[in-house]
Amino acid sequence: MKNELVLSYVYLVKKIVLRMMPTYEGYNNYDDMVSNGIFGLMDAVDKYDIQRNVKFEHYAALRIKGEIIDQIRKQDWAPSSLRRKI
């Protein structure tokens, strides 16, 4: 069941990655970002709570984007404060 749900929302991961590419392509390539986004999607499938009255697509989009950004930050040698100054 979870695998089918993840596979049916892979399009959402690719859509988000394409929107993020102009900003983050210097830090990561397309395939890595899609891979990280799929981890975010799997996390969204596991943690989604239908009782909160939020569409799954909206919740998953936030988790996907968050996972991609988290992975980019982990790979960066400079802290975010230094990046802001630069």
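**Close-ups of a predicted model**

**View 1. An aromatic cluster.** Tyr9, Tyr11, Tyr48, Phe56 and Tyr59 come together here as one aromatic cluster. Keep in mind that this is a predicted model, here and in every view that follows. Across the whole structure, a search turns up five aromatic pairs. One of the cluster's members, Phe56, will turn up again in the view of the nonpolar core.

**View 2. Two tyrosines at a tilt.** Here we zoom in on Tyr24 and Tyr27, which make an aromatic pair. Their ring centres sit 6.4 Å apart, and the angle between the planes is 55°, so the pair counts as tilted rather than edge-to-face, a label kept for planes over 60 degrees apart. How accessible are these two? Tyr24 is partly exposed, at 22% relative accessibility. Tyr27 is partly exposed too, with a value of 42%.

**View 3. The nonpolar core.** In soluble globular proteins, nonpolar side chains tend to be buried together. The largest nonpolar core in this model has 19 residues. Which residues have the most contacts inside it? They are Val17, Leu41, Phe56, Ala60, Ile64 and Ile68. Helix H2 (10–24), H3 and H4 are the elements that each give two or more residues to this core.

View 4. Set aside the neighbours within four places in sequence, and Leu41 still touches Val6, Tyr9, Val10, Val13, Phe56, Ala60 and Ile64.

View 5. Side chains of opposite charge can pair when their charged atoms come close. The structure holds four salt bridges, and this view shows the one between Asp46 and Lys2, with 2.9 Å from N to O. Lys2 belongs to helix H1 (residues 2–8) and Asp46 to helix H3 (residues 30–47), so this pair, 44 residues apart, links distant parts of the chain. Asp46 is partly exposed, with a relative accessible area of 48%.

View 6. Now look at Arg63 and Asp43, whose side chains meet in a salt bridge at 2.3 Å, N to O. Arg63 sits in helix H4 (residues 56–75) and Asp43 in helix H3, so their pairing ties together parts that lie 20 residues apart in sequence. Is Asp43 buried or exposed? With 16% relative accessibility, Asp43 counts as buried, while Arg63 is partly exposed at 26%.

View 7. The side chains of Asp49 and Arg52 form another salt bridge, with 3.8 Å from N to O. Asp49 is partly exposed, with a relative accessible area of 32%, whereas Arg52 counts as exposed at 65%. Elsewhere, salt bridges with shared partners join Asp43, Lys47 and Arg63 into one network.

**View 8. Asn53 in its loop.** Asn53 lies in the loop between H3 and H4. What is there to notice about its phi? The angle is near 55°, a positive value in a residue other than glycine. Asn53 also counts as exposed, at 72% relative accessibility.

View 9. Trp77, Leu82 and Ile86 make a nonpolar surface patch of about 400 Å². Where does Ile86 lie? You'll find Ile86 in the segment after helix H5 (80–85). Ile86 is exposed, with a relative accessible area of 71%.

Definitions and conventions. Residues are numbered from 1 along each chain as its sequence is written. This is a predicted model: local features need pLDDT of at least 70, side-chain atom pairs count only at pLDDT 80 or more; totals for chains, interfaces and linings use all residues. Side-chain values use heavy atoms; hydrogens and water are left out. Helices (H or I, at least four residues) and strands (E, at least two) are DSSP runs, numbered from the N terminus. Buried means under 20% relative accessible area, exposed over 50%, partly exposed in between (1.4 Å probe, protein chains only). Rings of Phe, Tyr and Trp (its six-membered ring) pair if their centres lie within 6.5 Å; planes under 30 degrees apart count as stacked, over 60 as edge-to-face and the rest as tilted. Patches are made of residues with over 30% relative accessible area and no salt bridge: like charges are joined within 9 Å, nonpolar side chains (Val, Leu, Ile, Met, Phe, Trp, Tyr) within 5 Å. Accessible areas come from the Shrake-Rupley method with a 1.4 Å probe; for residues, only the protein chains shown count as cover. A nonpolar core is a set of buried Ala, Val, Leu, Ile, Met, Phe, Trp, Tyr and Cys residues joined through side-chain atoms within 4.5 Å. Contact means heavy atoms within 4.5 Å.
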